[in-house]
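Q: Could you take a close look at one part of this model for me, the aromatic pairs, and then work outwards from there? I'd like one connected walk-through.

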Amino acid sequence: MSNTEFKAISNLFDGKPKLELLFEAKKHDFRAGAFHAACDNKGPTLIVAKSKKGCIFGWFTTVEWTSSGGYVANKSDSTTWVFKVESPDKVPKYVMKETDTGLFHLSYYGPCISPLIIDDRANEGENCITRS
């Protein structure tokens, strides 16, 4: 991801957030367990992913990640939003509604926001899946 793309994503926030890199899939062998070890119980999280075709996308949530093994409905968190980098200076943000999504807190998956699931070792095969 370029500095311009990172700046465009940072501009999606109200104000200037303090961002700290907790997990980088390539450095952690794309392991779900490593994601949870680095990101569980760390507060609000920005997820940025890049597809094999180069599409950069992600989401932000104030709901802390856990490995509790369940679905966390987006009932009270109107601050969850998703984005896709369409060009280095064009990054639309879509604020999720209560009925749009929920988060999955499963230790054997990486970050999951319905309908997108980033599976353990998502770099191998077709392990980044969507469910409808």
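This is a predicted model: local features need pLDDT of at least 70, side-chain atom pairs count only at pLDDT 80 or more; totals for chains, interfaces and linings use all residues.

A: Counting rings of Phe, Tyr and Trp (its six-membered ring) as paired when their centres lie within 6.5 Å, you get 6 aromatic pairs. One of them is F13 with W81, an edge-to-face pair (planes over 60 degrees apart; under 30 would be stacked, and the rest tilted) with 5.1 Å between centres and 70° between planes. F13 sits in the loop between α1 and α2 (32–39) while W81 is in strand β4, so this pair ties together parts that are 68 residues apart in sequence. Then there's W81 with F83: the centres are 6.2 Å apart and the planes at 55°, so that pair is tilted. F13 and W81 are both buried (under 20% relative accessible area; exposed is over 50%, partly exposed in between, with a 1.4 Å probe and protein chains only), and W81 and F83 are both buried as well.

Residues are numbered from 1 along each chain as its sequence is written, and side-chain values use heavy atoms, with hydrogens and water left out.

Stepping back, the protein has 2 helices and 9 strands (DSSP runs numbered from the N terminus: helices are H or I with at least four residues, strands E with at least two). Along the sequence the pattern is α-α-β-β-β-β-β-β-β-β-β. Of its 132 residues, 36% count as buried.

Now to helix α1. Its buried residues are E5, A8, I9 and S10, and they pack against β1 (45–50), β2 (56–61) and β4 (81–84). E5 counts as buried at 14% relative accessibility. Beyond its neighbours within four places in sequence, E5 is in contact (heavy atoms within 4.5 Å) with I56, V85 and P88. E5 and S87 are 82 residues apart in sequence, yet 7.8 Å apart in space, C-alpha to C-alpha. A polar atom of the E5 side chain also lies 2.8 Å from the backbone nitrogen of S2.

F6, in helix α1 (residues 3–10) too, is partly exposed, with a relative accessible area of 39%. Together with M1, L19 and V48, F6 makes a nonpolar surface patch of about 340 Å². Such a patch takes residues with over 30% relative accessible area and no salt bridge, joining nonpolar side chains (Val, Leu, Ile, Met, Phe, Trp, Tyr) within 5 Å, whereas like charges are joined within 9 Å. Overall the protein exposes about 8100 Å², with carbon and sulfur atoms supplying 51%; areas come from the Shrake-Rupley method with a 1.4 Å probe, and for residues only the protein chains shown count as cover.

As for charges, the structure holds 2 salt bridges (a side-chain nitrogen of Lys or Arg within 4 Å of a carboxyl oxygen of Asp or Glu). K27 meets E24 at 3.6 Å, N to O; K27 is exposed at 66% relative accessible area, and E24 is partly exposed at 30%. E86 bridges to K90, with the closest N and O atoms 3.3 Å apart. E86 is partly exposed at 45%, and K90 is partly exposed at 47%.

Terms used. A polar contact is a pair of N or O atoms within 3.5 Å; within protein, one must be able to donate a hydrogen and the other to accept it, and residues adjacent in sequence count only if both atoms are side-chain atoms.
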